[in-house]
Number of protein chains: 4
Amino acid sequence: MGFKVAKDSDLDHFAERLLDAGVHVDVIPAGEEPGVGRKIRFNTPTGHMFDLFAEMELSETGPAVRNPDVWIAEPRGMRATRFDHCALNGVDISASAKIFVEALDFSVTEELVDEASGQRLGIFLSCSNKAHDVAFLGYPEDGRIHHTSFCLESWHDVGHAADIISRYDISLDIGPTRHGITRGQTIYFFDPSGNRNETFSGGYFYYPDNPRRMWQAENAGKAIFYYEKALNDRFMTVNT
Amino acid sequence: MGFKVAKDSDLDHFAERLLDAGVHVDVIPAGEEPGVGRKIRFNTPTGHMFDLFAEMELSETGPAVRNPDVWIAEPRGMRATRFDHCALNGVDISASAKIFVEALDFSVTEELVDEASGQRLGIFLSCSNKAHDVAFLGYPEDGRIHHTSFCLESWHDVGHAADIISRYDISLDIGPTRHGITRGQTIYFFDPSGNRNETFSGGYFYYPDNPRRMWQAENAGKAIFYYEKALNDRFMTVNT
Amino acid sequence: MGFKVAKDSDLDHFAERLLDAGVHVDVIPAGEEPGVGRKIRFNTPTGHMFDLFAEMELSETGPAVRNPDVWIAEPRGMRATRFDHCALNGVDISASAKIFVEALDFSVTEELVDEASGQRLGIFLSCSNKAHDVAFLGYPEDGRIHHTSFCLESWHDVGHAADIISRYDISLDIGPTRHGITRGQTIYFFDPSGNRNETFSGGYFYYPDNPRRMWQAENAGKAIFYYEKALNDRFMTVNT
Amino acid sequence: MGFKVAKDSDLDHFAERLLDAGVHVDVIPAGEEPGVGRKIRFNTPTGHMFDLFAEMELSETGPAVRNPDVWIAEPRGMRATRFDHCALNGVDISASAKIFVEALDFSVTEELVDEASGQRLGIFLSCSNKAHDVAFLGYPEDGRIHHTSFCLESWHDVGHAADIISRYDISLDIGPTRHGITRGQTIYFFDPSGNRNETFSGGYFYYPDNPRRMWQAENAGKAIFYYEKALNDRFMTVNT
């Protein structure tokens, strides 16, 4: 997963802070990925690789900037408007989250905690006004992906995505529903490769001074699926 | 369950047709139910009692008729705008449906059929432009009610009803989802007495010349829950 | 404008009632219009021609009837789901409405009245659960069409229609807004021939026992455009 | 208008940068405004007063943080969820915008420009992922407020706000409509004091690397009201 930083010098700044946090950093030269400038790459204790970069070419048409219309071509299919976030599985999620907070200025917006043991089962992190830009979920194996999420405009479009999923016999995981965590409205489905994808709408508008929201493990069902208030076995699987 | 007919003489007309169809009819004098005129009462083979009546008093405020606003007081709670339909369980649902079609001018809009045995598992009937005004669902016992349904304005309000249900710990059955049958958008919940209620939006606009829609028993899941494509055990229970 | 009746013998029935009401009736043989059975044709005092027919061929694909999906192909463009109604201009609108009520069993759902003179400026008629199937609007010349209206699913789709209209430089008349009359949510635009079209959503669900709603002429603005509470000159023009 | 900064030391940091930019700064001691910590106050060349502060007490109930529900009490009235932005009128809007960019790290997201004269008629600034947090609009007099805006969840709620406005005879300015600038969906109304208020939904999710969007003065109508493509005189007035 990659994050675009504001300017090239930020790459050096964050590389230094990652090193200070004891994280190994690789520098990937510009052009290794077509259209992308030099990259700073690191791995988290949960076995996930992240890239930071400052430059990426726009598409040929690019966004409209001069008297721009609401869209150039109407959104199609499920009407995803952008990538939203990833949820990643692994063992030591606190260690992974710590890097994002200490070296990269993310905030923990919410967490799911087993208060008896003090163990954190889920940690949700934001570097924007989104309720999460990345999440880490406890799991016995490292390096797994729970899902990749794409942004929809509204609950209306979540319902429309559900119609598309049923009409074309796409494998549904769960939804349309709402998350307790983030308050986002959501539907999950599996693509033909078996990867879980989410289309997601809403979620509160996060500011860094918002108090951290905490969910007790015994409310995990409501935390994840606010309407069903229960997890299902299928949702507990991860992508390889 | 009751239906209001257009004028008092229709009660005699329908009473005669019910008798012609071999259905016993009771006449209930005006006022037995406060504010309601005389009623024609009959029972279906599935053990459900129905009333027809032509007169019912309006509430004191009544509907606004002079330069009426969009509403007098904003809809509250789940924002139900009116009663929509009932689904009723019993053994010989074909016999019950036959009465509605032959004596009362209802149309069968959809049916769920076990093609191997020819048995009808569900019959959906309309006397309006609604996709159903009453439904009969096969069940080993007569006289049961599966659910009572209330009309919402939109999918937005179905989502809002879901929020209400979770926020106030109302017992959720299933939803928000869509029906294959009727195409309606829906959420089911149980009231404190254990009765299943539905809040329901949309559904196609039915005309009597629409071809009857037929669902095969093996697609019952999709017919009932278009997104989940499966029935759950809880939904198979009935109200007593 | 044409209306489909339930069965062929209804054509004779309505022809007789039209004749009884003093309305001249032409019988158009089947096939004059491809795929359409015989037609009963009459003209209103406001100079509008109407056809009644009982038979019309379905399109080759027809509607899905066996385990039908929510749609075969996703609605496109403004996502109109069906024709909704016409509004027609002329001088003696009461005489035209009278035919629909007395000979064709329509109900007057709403009217716009100049109480001082007793003159009706607008009459809205329904033969279904729709708030109107046809409307007559007072105008100094007969035989004019104010607009043709197409049904959308929701306010969301009215907003989407507005995006389409602006994005493709379609000539907007007014909207998105709501009507006081019918409570429908609406946007009007002109097609390249200069005809006013409406895409329309909602409106209350009409039953024949609903009290007639009456708007005073001095509230015509609110009656027509519930939000703006004023008519604009452009909207007062009619199609030729 | 005030902005909350992340921590108390940021107040000193921004005070210094404001001074460097030649802007006079007043320090207001904590408690001058109940529940608010010390404030840095400055005036813009357009005659608008701004406060920065780092501390503000939460309300007694505060936001729910422990297994939080979607809301504690359902949003009421027009269902505004938070303050969104202000639009402010004055003469030298470029000078005001320059302070926000150079001393306070805002970005210019969009501008409305008279290309012939090079004059900027409107400048929209963001310090978040919102399409604007504050806007300056050219006007012959300084110190004026065009409108104060409150955030709604969706286009559905913009329509609902319109119903409220009409139902309770609140003075409508314009809407429901969409802005070209920000792409937000909107309705404006006047409160009993004559101040223009906006309820606003959507708008794109801004990132600082987004290219600046530029509207030509001859497209001001579309820039402001994407559907109507024209300004009205009423909207050109300002609050005193």
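This is a predicted model: local features need pLDDT of at least 70, side-chain atom pairs count only at pLDDT 80 or more; totals for chains, interfaces and linings use all residues.

At what angle do helix α3 (residues 155-167) of chain C and helix α3 (residues 155-167) of chain D pack, and how far apart are their axes? Select both helices: the packing angle is about 100°, and the axes are 9 Å apart. Since angles of 65 to 115 degrees count as roughly perpendicular, under 35 as roughly parallel, over 145 as roughly antiparallel and the rest as oblique, α3(C) is therefore roughly perpendicular to α3(D). Axes here are lines fitted to C-alpha atoms, for helices over the stretch in contact, and angles run from 0 to 180 degrees between N-to-C directions. Helices (H or I, at least four residues) and strands (E, at least two) are DSSP runs, numbered from the N terminus.

Residues are numbered from 1 along each chain as its sequence is written, chains are lettered from A and ligands numbered from 1 in the order in which they are written, and side-chain values use heavy atoms, with hydrogens and water left out.

**Stop 1: the helix pair of chains C and D**

Contact means heavy atoms within 4.5 Å. The contact of α3(C) with α3(D) comprises 2 nonpolar, 4 polar and no charged residues. In this classification Ala, Val, Leu, Ile, Met, Phe, Trp, Tyr, Cys and Pro count as nonpolar, Asp, Glu, Lys and Arg as charged, and the others, Gly among them, as polar.

**Stop 2: the whole interface of chains C and D**

Now widen the selection to both chains. Here 16 residues of chain C are in contact with 16 residues of chain D. The two chains bury about 1,500 Å² between them, with 48% of it on carbon and sulfur atoms; buried area is the accessible area (1.4 Å probe) that two parts lose on being put together, summed over both. Highlight C:W155, C:S166 and C:Y227, which supply 40% of the area that chain C buries against chain D, more than any other three residues.

Next, select D:K229 and C:D169. They form a salt bridge whose closest N and O atoms are 2.5 Å apart, and it belongs to an interface where 4 salt bridges are found. A salt bridge is a side-chain nitrogen of Lys or Arg within 4 Å of a carboxyl oxygen of Asp or Glu. Side chains of opposite charge can pair when their charged atoms come close.

Which elements give two or more residues to the side of chain C that touches chain D? They are α3 and β10 (171-178) of chain C. The largest share, 7 residues, comes from α3(C). By class, this side of chain C has 6 nonpolar, 4 polar and 6 charged residues.

**Stop 3: the interface of chains C and B**

Select C:K222 and B:D69, whose side chains meet in a salt bridge at 3.1 Å, N to O.

Move to B:E115 and C:R66, a salt bridge with its closest N and O atoms 3.0 Å apart. B:E115 lies in the loop between β6 (107-114) and β7 (119-126) of chain B and C:R66 in the loop between β4 (49-53) and β5 (82-90) of chain C, so this pair joins two chains.

**Stop 4: backbone details**

Select B:G175 and B:P176, which are joined by a cis peptide bond with omega of about 0°. B:P176 is found in strand β10 (residues 171-178) of chain B. In chain D, the peptide bond from D:G175 to D:P176 is cis, with omega near 0°.

Finally, select C:K229, in the segment after α4 (220-224) of chain C. Although C:K229 is not a glycine, its phi is positive, at about 55°.
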